Amino acid sequence: MGVIGIDLGTTYSATAIVRGPSPEILENREGERLTPSVVVFENGTPLVGVEAKRLAAVLPDDCVEFVKRKMGEPGAAYVDADGKEYRPEEVSALVLKRLAADASMQLGEEVRDVVVTVPAYFDDARRTATKDAGEIAGLNVLGLINEPTAAGIAYGLNKQQSGVFLVYDLGGGTFDVTIMRVTGTEFDIMATGGDRNLGGFDFDNLLMGHVATRIRDQGGPEVRESDKGEAELRAQCEQAKRRLTSMPQTIVRVSAEGATFQVPVTRAEFEELTASLLARTEVTVDEVMENAGVDWDKIDRILLVGGSTRMPMVSAMVQRMSGRMPDIGINPDEAVALGAAVYADTLGAAAGGAIARIPVAVSDVTSQSLGTIALNERNIAQNSIIIPANSKIPVKREKSYYTVQPGQRAVDFELTEGDDEDLRYVTVLKSTELLLPPGLPDEAEIRVVMAYDIDGVVHAEVFLGATGQSLGAVELQRDNNLGAHAVEQMRNAMRDLEIL
Ligand SMILES: Nc1ncnc2c1ncn2[C@@H]1O[C@H](COP(=O)(O)OP(=O)(O)OP(=O)(O)O)[C@@H](O)[C@H]1O
Ligand SMILES: [Mg+2]
């Protein structure tokens with residue numbers, strides 16, 4: 001049975017498989033290699049892909065786009081015209097179901113086992129949400145793989161290149177930088193970092209703001225006031241942005257209130273408008289290089305991945321930083337799915353006790369620090385890191401803490417994610433009160449054990465130091481995720497759903 005890799009993108013998704021000596025992209029039912037990650041609910045029936053994208057500007061209220069940005073966010077939901085609520089995991093599941101159905105059609109057999117990609121910078125809640133989406137779609141998620149890692153695999157194998165790669169991945173919604181050491185079929189991640197809310201979408205937003213202002217300057221209406229106006233403005237600005245990749249200037253045309261407004265924009269203007277976004281990526285590149293302990297002479301290859309790296313300012317910036325041209329010969333839209341297919345081949349073979357066609361060894365790192373909240377010497381609550389970011393996964397670490405009074409009967413346990421000691425900059429994944437047995441002395445030892453599994457998903461357990469007795473659930477139910485019961489219900493509800 002075919003095991004496929006799925007690049008579940010913010011704007012576009014793709015699937016690939018290993019059938020021969022190298023991975024190949026599977027075309028969708030429209031015969032295209034990329035499927036827009038867009039869902040439209042037309043009279044309650046979900047429509048996914050290129051037709052849905054076409055309807056987005058016409059039926060903005062029935063359309064869900066960019067759902068990846070909402071994955072793992074507490075309370076996020078889309079409500080359709082009949083008042084039915086869909087969680088981001090369910091919307092993503094619809095996209096995944098459509099991708100798997102198209103792949104099944106191409107392969108002539110049902111696809112169930114998949115590997116799904118996630119941005120390297122995705123945190124625990126977002127990774128768990130992605131896995132849940134796969135389960136809701138009726139798939140068996142063999143594993144997750146970080147998108148830049150997958151791209152590095154595809155490039156390394158294709159070009160038979162070893163050495164240190166820097167992957168700069170700027171997609172539709174997210175930004176990742178990863179530095180990896182490649183030795184034949186071994187892919188060893190040295191450091192990673194990124195911004196999960198930085199992508200082509202944000203460049204579009206800034207252009208939209210500029211064009212909307214110019215339309216008002218021309219005596220036109222505030223086009224963003226209506227959902228339809230906003231959707232039309234978004235579509236036009238996104239296309240204009242693409243034109244500015246190949247042309248020094250273009251005209252954005254937007255229809256509103258029966259008139260068509262024309263706003264000329266030059267590439268230089270667009271680059272100035274969005275300079276701060278590009279600068280954010282530069283800072284991240286510097287940080288990741290520092291964490292990996294490398295400078296530019298140690299980097300053998302620079303790979304640009306993601307559709308947004310087509311903007312000329314990206315390669316210009318990378319060239320300025322490194323003094324070199326980035327590598328060409330990687331398809332920025334397909335590399336992630338191709339690498340995911342290779343990893344899927346390896347995991348699928350391992351699960352079935354078989355030998356992979358293209359066996360690879362991947363060792364990734366965590367992108368977020370894990371810890372707990374504890375009092376420091378001055379009795380101030382701060383984030384105490386147990387597993388630092390950029391630790392090799394899987395990883396398990398523990399740290400001891402001590403009670404603050406004799407006979408203490410409970411401790412507040414918080415599982416935190418974030419690199420800062422300052423609590424304002426960390427996310428609390430789980431907050432719970434753990435009961436202690438009676439009669440403990442002062443400063444009784446509490447051992448906190450934390451682990452990241454191979455998919456970057458978090459596990460934690462708390463023990464009493466003196467007896468080794470477990471105080472807390474092994475798998476902490478996450479506050480930002482659906483939970484096994486809801487996933488099961490949604491999976492059942494979606495079982496017989498046909499997606500157009
Ligand atoms: N020629 C181009 N010039 C500028 N931008 C482009 C061009 N082609 C595509 N893009 C932009 O690339 C983005 C899509 O890239 P891609 O398909 O790699 O992202 P994604 O995989 O959907 O998102 P992510 O990886 O962030 O989840 C869109 O924002 C699109 O506007
Ligand atoms: Mg992508």
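## The loop between S20 and S21

Pro-394 is found in the loop that runs between strand S20 (381–387) and strand S21 (395–402). In this predicted model, the peptide bond that joins Ile-393 and Pro-394 is cis, with an omega of about 0 degrees.

Asn-390 also has its place in the loop between S20 and S21, and its backbone has a phi near 65 degrees, which is a positive value in a residue other than glycine.

## The loop between S23 and S24

A positive phi also occurs at Glu-443, where the angle is about 55 degrees although the residue is not a glycine. Glu-443 belongs to the loop between strand S23 (427–435) and strand S24 (445–452).

## The surroundings of ligand 1

Ligand 1 sits in the largest pocket, where 20 residues surround it, the closest being Thr-10, Thr-11, Lys-68, Glu-238 and Thr-245. By residue class, the shell around ligand 1 divides into 12 polar, 6 charged and 2 nonpolar residues.

Both domain 1 (4–198 + 279–364) and domain 2 (200–273) contribute to the shell around ligand 1, with at least three residues drawn from each. Considered by element, the largest share of this shell comes from helix H6 (residues 227–246), which supplies 4 residues.

Oxygen atoms of ligand 1 take part in contacts with both side-chain and backbone atoms of the protein. On the side-chain side, a polar atom of Thr-11 lies 2.6 Å from an oxygen atom of ligand 1, and Thr-11 is also listed among the closest residues of the shell. On the backbone side, an N or O atom of Thr-174 lies 2.8 Å from an oxygen atom of the ligand, while a polar backbone atom of Ser-308 is 3.2 Å from an oxygen atom of ligand 1. Taken alone, ligand 1 exposes 650 Å², and the protein buries 93% of that area.

Definitions and conventions. Residues are numbered from 1 along each chain as its sequence is written. Chains are lettered from A and ligands numbered from 1 in the order in which they are written. This is a predicted model: local features need pLDDT of at least 70, side-chain atom pairs count only at pLDDT 80 or more; totals for chains, interfaces and linings use all residues. Side-chain values use heavy atoms; hydrogens and water are left out. A residue is near a molecule or strand if one of its heavy atoms lies within 4 Å of it. A polar contact is a pair of N or O atoms within 3.5 Å; within protein, one must be able to donate a hydrogen and the other to accept it, and residues adjacent in sequence count only if both atoms are side-chain atoms. Accessible areas come from the Shrake-Rupley method with a 1.4 Å probe; for residues, only the protein chains shown count as cover. On a 1 Å grid over the protein atoms alone, a cavity is a set of points where a 1.4 Å probe fits but cannot get out, and a pocket is an open set with protein on both sides within 12 Å along at least five of seven lines; lining residues have an atom within 4 Å of a point. A molecule sits in a cavity or pocket if more than half of its atoms lie within 2 Å of its grid points. Helices (H or I, at least four residues) and strands (E, at least two) are DSSP runs, numbered from the N terminus. Ala, Val, Leu, Ile, Met, Phe, Trp, Tyr, Cys and Pro count as nonpolar, Asp, Glu, Lys and Arg as charged, and the others, Gly among them, as polar. Domain bounds come from an automatic or database domain assignment.
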